[in-house]
Amino acid sequence: MTEPILKVEGISKAFGALQASKGITLDLRQGEIHALIGPNGAGKSTLIQQITGGLAPDAGRVVFGGQDVTTYSTAARARLGMARTFQISSLAMEYTVLQNVVLGALGARGGVFRFFRPVMKDKALLAVARDALAQVGLEEFERFRTSELSHGQRRQLEVAVALTLKPRAFLMDEPMAGLGAEGTQRLMGFLDGLRAQAPILLVEHDMDAVFALADRISVLVYGEIIATGTVEDIRANPLVRSAYLGEEDAEGVA
Ligand SMILES: Nc1ncnc2c1ncn2[C@@H]1O[C@H](COP(=O)(O)OP(=O)(O)OP(=O)(O)O)[C@@H](O)[C@H]1O
C-alpha cells in the first residue's frame, strides 16, 4: 500500500481544563473519502484546524506527503497541496466565476497582484482557471457573478479554486450544510468522482451522505477517536451505537 498522504499522530489539544483533542491518530489514504463524524462539540473543528495549521497542537504531529508539517503555517501547508475547502467566505461574490478561479490560480503561483498587467489577460492563468472550471462542470458559468450561483455550485467553485493549487488532499468542512436534497445529491455525485483526483477528509453531519460516500469513517467523541473503519464496521460497532448514535437512534442506522 502506498504511504498515506496525511498522517495525524497522537494530536492533543487542551483549552484550559477542556481536553478538546486526546491523542488523536488517523490517516488519509490515496483514493479515499475518510469521513470524520461526531456529536456537536466532539472536537472535529479543533482537529481540522490543527491539521491545516490554524491551531498548534500541545502534543503530537501532522505529517503531510512524508513531511512533518506540525509547525508549518496554513499557507505553507496549502503550498504543499493541502486544500481546505468550503469556507465560502473565501469567494468574492461580486466577481465572476472565472475571476474567482483566476485569483485562486494567481495565489497558487505565489503571485502578487500585478497591477501593470491585467490578470484577466494572462493566457496561462486563464487556461489553468478554465481547466479547473471544466473539471468541476462549471465551464458554462464562467461569466456569471458568483452571487448568482446556487449554494451547491459555489461549493463546486470552491473546489475549482482549490484545484488550481494542484491539491494532494482535500479537507472539507460540512460541504452539505445548507444544501437542499437535490443540491446534496448533486454534490455527492461530484465528491464521489473527486476522490480519484485527491483523497478527501470529510467532516459532515449528514449521515446519509457519509454512509453513501465514505470509504472509511472515524468517530470522534469527547476529543477521542472511538472507532475507525468501513461503513459496515461503524454501523455494527456497539461503542459507536451507544456513545455517538444514541440508543434510540441506533436502530435507524442499522
Ligand atoms: N478557542 C477555543 N477556546 C476554548 N474552547 C474551545 C475553543 N474552540 C473549541 N473549544 C471547545 O472545544 C470543544 C470542541 O469544539 P469543536 O468546535 O472542535 O467541536 P466540533 O466537533 O467541531 O463541534 P460542531 O460539530 O458543533 O462544529 C468544545 O467543547 C468547544 O466549546
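Which residues of α5 are buried?

View 1. The buried residues of α5 are G152, Q153, R154, R155, Q156, L157, E158, V159, A160, V161, A162 and L163. Here a residue is buried if 20 or more other C-beta atoms lie within 10 Å of its own, exposed if 12 or fewer, and partly exposed in between, with C-beta atoms placed from the backbone. That makes 12 of the 13 residues of α5 buried, so the helix is largely enclosed by the rest of the structure. Helix α5 covers residues 151–163 and reaches 19 Å from its first C-alpha to its last, close to the 18 Å expected at 1.5 Å a residue. The expected span is 1.5 Å times one less than the number of residues in the helix. Helices (H or I, at least four residues) and strands (E, at least two) are DSSP runs, numbered from the N terminus.

One thing to keep in mind for every view: this is a predicted model, in which local features need pLDDT of at least 70 and side-chain atom pairs count only at pLDDT 80 or more, while totals for chains, interfaces and linings use all residues. Residues are numbered from 1 along each chain as its sequence is written.

View 2. The chain comes to 10 helices and 10 strands, and 39% of its 254 residues count as buried. It is divided into domain 1 (1–81 + 167–254) and domain 2 (90–165), with bounds that come from an automatic or database domain assignment. Taken over C-alpha atoms, the centres of domain 1 and domain 2 are 27 Å apart. Where they meet, 12 residues of domain 1 are in contact with 9 residues of domain 2; two residues are in contact if their C-beta atoms, placed from the backbone, lie within 7 Å. Helix α6 (residues 181–194) brings 5 residues, the largest share of the side of domain 1 that touches domain 2. By class, that side of domain 1 has 8 nonpolar, 3 polar and 1 charged residues. Ala, Val, Leu, Ile, Met, Phe, Trp, Tyr, Cys and Pro count as nonpolar, Asp, Glu, Lys and Arg as charged, and the others, Gly among them, as polar.

**View 3. The largest nonpolar core.** This core has 63 residues, and V101, A129, L133, A160, A169 and L202 have the most contacts inside it. Both domain 1 and domain 2 give residues to this core, so it lies between them. A nonpolar core is a set of buried Ala, Val, Leu, Ile, Met, Phe, Trp, Tyr and Cys residues joined through C-beta atoms within 7 Å. Zoom in on L202: leaving aside its neighbours within four places in sequence, L202 is in contact with I33, H34, A35, L36, M172 and A214.

**View 4. The shell around the ligand.** Around the ligand sit F15, L18, A20, G38, N40, G41, A42, G43, K44, S45 and T46. A residue is near a molecule if its C-beta atom, placed from the backbone, lies within 6 Å of it. Both β2 (18–28) and α1 (44–52) supply at least two residues of the shell, and α1 gives the most, with 3 residues. The shell divides into 4 nonpolar, 6 polar and 1 charged.

**View 5. Helix α1 on its own.** In α1, 7 of the 9 residues are buried, so α1 is largely enclosed by the rest of the structure. Those buried are K44, T46, L47, Q49, Q50, I51 and T52. Just after α1, G53 takes a positive phi of about 105 degrees.

**View 6. D215 and its loop.** D215 lies in the loop between α7 (207–213) and β9 (216–221). With 15 C-beta neighbours inside 10 Å, D215 counts as partly exposed. Not counting residues up to four places away in sequence, D215 touches E32, I33 and H34. The C-alpha atoms of D215 and R29 are separated by 10.0 Å, though the two are 186 residues apart along the chain.

**View 7. Two loop residues with positive phi.** Most residues other than glycine have a negative phi. E174, in the loop between β7 (169–173) and α6, has a positive phi of about 50 degrees although it is not a glycine. Y222, found in the loop between β9 and β10, also isn't a glycine and has a positive phi of about 45 degrees.
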